[in-house]
Amino acid sequence: MPETRLDLGRIRAARRVIDPVFLESPLYRCEPLERVLGCRVSIKLETANPVRSFKGRGTELVVHGLAGRAAVCASAGNLGQALALSGRSRGIDVTVVASRFAPAAKLERIRALGAHLELVDGDFELARERAVALAKERGVRLVEDSLDVETCEGAATIGLELAAAGPFDAVLVALGGGALATGVGHVLKTLAPGTEVITVQPAGAPAMTLSWRARRVVTTDTADTIADGVAGRFPIREVLDDLLAVADDAVLVREASIIAGIRLFLEHAGLVVEPSAALGLAAILEDRDRFAGRHVATIVCGGNVDLPAYRGWVGS
């Protein structure tokens, strides 16, 4: 069993707390994609829920254990939606701090779910700084994705479902802050240790991957990618330690490959996915020989797209 902050017993118990709408997400082979990519491809679809991302699994755990009646988070969009929904169902006042440059559809949905939304003139890291300050000023819970182990253990329930349905030769996981990768990775390395856990990050936002390779925190000055959901610049040491224990490899992919993955999902699977969700296909496209003939699962982690941008990607 890997040495991480996560606990398999707590992860299993989390299934009794998380709203069932987020559990047992569809998992299926996609033969049209297989013919294009040259390997067996199973899709784990985490967009078939009210917030169209996997983040609700973690926020359900956070809110369940919340002692106060208010919470603040920084978000690129999906965490904010999930925390807003989980908070609304339990009478928790939620404030989300986000970049005003985040996809408009995500920001509108955060408001529609009843959260207070504060926008900053900068990237996610500036939003995180503001969220920390707000939580301190108000004396309320700061929800920090990936650092809060609940967000990792909520995501880890995806790993339980993959392990039960396997075996898979490899599982491709989008890497941003690390909650999804460390959660799924912990479970797979415990229950299905023969499965290769491969994290995928945009080359334009490589901080966590560079940190994994160097085995120390590496920060970047910028994050330049269409995959806004994974565009962090300052990895968290504790999360990196967990990732080092569970990831077999960490790869970087080009923007053109991400766009190609988005188009493949639409054309061959009938799925509208956000850029972060296309990272797995991008990794296959860039290294076909590595995956040829293998059974690969890829987690479609989000489907909240900015329509004008999306039309440009699929029409290009």
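Select C73, which counts as buried at 0% relative accessibility, where buried means under 20% relative accessible area, exposed over 50% and partly exposed in between, with a 1.4 Å probe and protein chains only. The model is predicted, with local features requiring pLDDT of at least 70 and side-chain atom pairs pLDDT 80 or more, while totals for chains, interfaces and linings use all residues. Residues are numbered from 1 along each chain as its sequence is written, and side-chain values use heavy atoms, with hydrogens and water left out.

**Cysteines**

Display the sulfur of C73 together with that of C152, the closest cysteine sulfur: at 15 Å, the separation is too far for a bond. Next, select C39, buried at 3% relative accessibility. C39 is in no disulfide, and its nearest cysteine sulfur, in C30, is 11 Å away. With a disulfide defined as a pair of cysteine sulfur atoms within 2.5 Å, the count is 0.

**Nonpolar cores**

Proceed to L33, L162, V171, L180, V184, F265 and I299, which touch the most other members of the largest nonpolar core, a set of 61 residues. Such a core consists of buried Ala, Val, Leu, Ile, Met, Phe, Trp, Tyr and Cys residues joined through side-chain atoms within 4.5 Å. Apart from it lies another core of 23 residues, including L83, A84, V94 and L113.

Centre the view on L33. Beyond its neighbours within four places in sequence, L33 is in contact (heavy atoms within 4.5 Å) with V41, I43, L264, F265, H268, A269 and L281. Helices here are DSSP runs of H or I with at least four residues, and strands are runs of E with at least two, numbered from the N terminus.

**Helix α9**

Now select residues 207-214, helix α9, in which A207, M208, T209, S211 and W212 are buried. Just after the helix, R215 adopts a positive phi of about 60°.

**Pocket lining**

Finish at F101, A102, P103, D228 and A231, which lie nearest the centre of the largest pocket among its 22 lining residues. On a 1 Å grid over the protein atoms alone, a pocket is an open set of points where a 1.4 Å probe fits, with protein on both sides within 12 Å along at least five of seven lines; lining residues have an atom within 4 Å of a point. Colour β4 (93-99), α6 (124-138) and α14 (307-315), the elements that each give two or more residues to this lining.
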